[in-house]
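Some labels deserve a second look.

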Amino acid sequence: MKVADYDGAAKTAADNSQAPHRGPAADGTHRGPTADAARRGQAADAPRVVVTRAEAEDGPLSSHLRELGLEVLLWPAVSVGSAEPAHLDEALHNIEQFDWIVFASRHAVAAVIERVAAPPAKLRVAAVGQATGQVLRQRGWPVDLLPDDANAAALVSEFATKPMQGTKVLFPASSRALPTIAAGLTQLGATVTQVEAYRTEPASLDVDACRAWIERDCPGAVTFASPSAVIELEQSLGKPHFGRLLKTAKVIAIGPTTARELVERACTPIMAESANLRGLAVTTFRSLQTRD
């Protein structure tokens, strides 16, 4: 089943569930009981999926998983906060000097757009991932370059087909941005100005409760949407419990950069069929329907 078959997967989940609700309709809405009532009525043995990204109970990944009949355990490993604004403000004050601006996340988009309503006419815009591109378009920004694969290496490969010598690139990034984009574009001859647009920091977890779930081998799957989530969850839980989680649960990574962090920890994750949150949810659902 492809990610495009999401609605079909949701219908299958509803048909197979013993819960007293009929699941999402083809248009994503629930028939009969409300979505909240449906969640309360889920079978007690519904597979539990750990969500490690920073989101609320009704966040996009959690919502996709619940629509597929899965129970969500929110273990946000990272939190997103504001960066010290001086360097970003200075770069954006001089934004007309740049040829390209590169966004690797929607958080960077939010930080820039709250300061600059519309880009200069000659500025071209690149984005990693459909979600980032969608946020830009919704705010009236053009997207001139969007690689098919939602990862930094694919973005650099797309730029490699363009004349980059002497090109000035602004890269508003996370405090923990990997060097792939800045180093890759520099090797192509661009002059890259990387500025901190937001901070990625450890989140506060109820570690004892998380460890108790792991000791009971209760999570059926764990999802990772960023390398930082892998690093921080291991740090919070401790290596013994984190290692046990990776051994007993299905491990799903949103893309190759996140997967590499897991491989370094002797875990071979399942890669999301499409590097977006819906793809992560559907791949998680599929993985729980199969036995090793």
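What follows is a set of questions on strands, helices, loops and cysteines.

This is a predicted model, in which local features need pLDDT of at least 70, side-chain atom pairs count only at pLDDT 80 or more, and totals for chains, interfaces and linings use all residues. Residues are numbered from 1 along each chain as its sequence is written, and side-chain values use heavy atoms, with hydrogens and water left out.

Q: What makes β1 and β8 a pair of strands?
A: Strands are DSSP runs of E, at least two residues long, and helices are runs of H or I, at least four long, each numbered from the N terminus. Two strands pair if DSSP finds at least two bridges between them. Strand β1 (residues 48-51) and β8 share four bridges, in the parallel sense. They therefore count as paired.

Q: Why are β2 and β10 called edge strands?
A: The open sheet has five strands in the order β2-β1-β8-β9-β10, with parallel pairing. β2 (71-74) and β10 (270-271) each pair on one side only.

Q: Which helix packs on this sheet, and what does the angle refer to?
A: Helix α13 (residues 277-289) touches β1, β8, β9 and β10. Contact means heavy atoms within 4.5 Å. The direction of α13 makes about 160° with that of β9. Axes are lines fitted to C-alpha atoms, for helices over the stretch in contact, and angles run from 0 to 180 degrees between N-to-C directions.

Q: Why is β8 called mostly covered?
A: Buried means under 20% relative accessible area, exposed over 50%, and partly exposed in between (1.4 Å probe, protein chains only). Five of the six residues of β8 (residues 219-224) are buried.

Q: What makes the pairing of the other five-strand sheet mixed or parallel, and in what order do its strands come?
A: Its order is β3-β7-β6-β4-β5, and the pairing is mixed. Its edge strands are β3 (78-82) and β5 (124-127), each pairing on one side only. The twist averages 25° from one strand to the next. Within this sheet, β6 (residues 168-174) and β7 (residues 191-202) run parallel, joined by seven bridges. P172 has V195 as its bridge partner in β7.

Q: Which helices lie across strands of this sheet?
A: Helix α6 (residues 130-138) lies across β4 (100-103) and β5, at about 145° to β5. Helix α8 (residues 180-187) lies across β4, β6 and β7, at about 170° to β7.

Q: Why is A266 called exposed?
A: Its relative accessible area is 78%, so A266 passes the cut-off. A266 lies in the loop between α12 (256-263) and β10. Its phi is also positive, near 60°.

Q: Are C210 and C218 buried or partly exposed?
A: C210, at 4% relative accessibility, is buried. C218, at 25%, is partly exposed.
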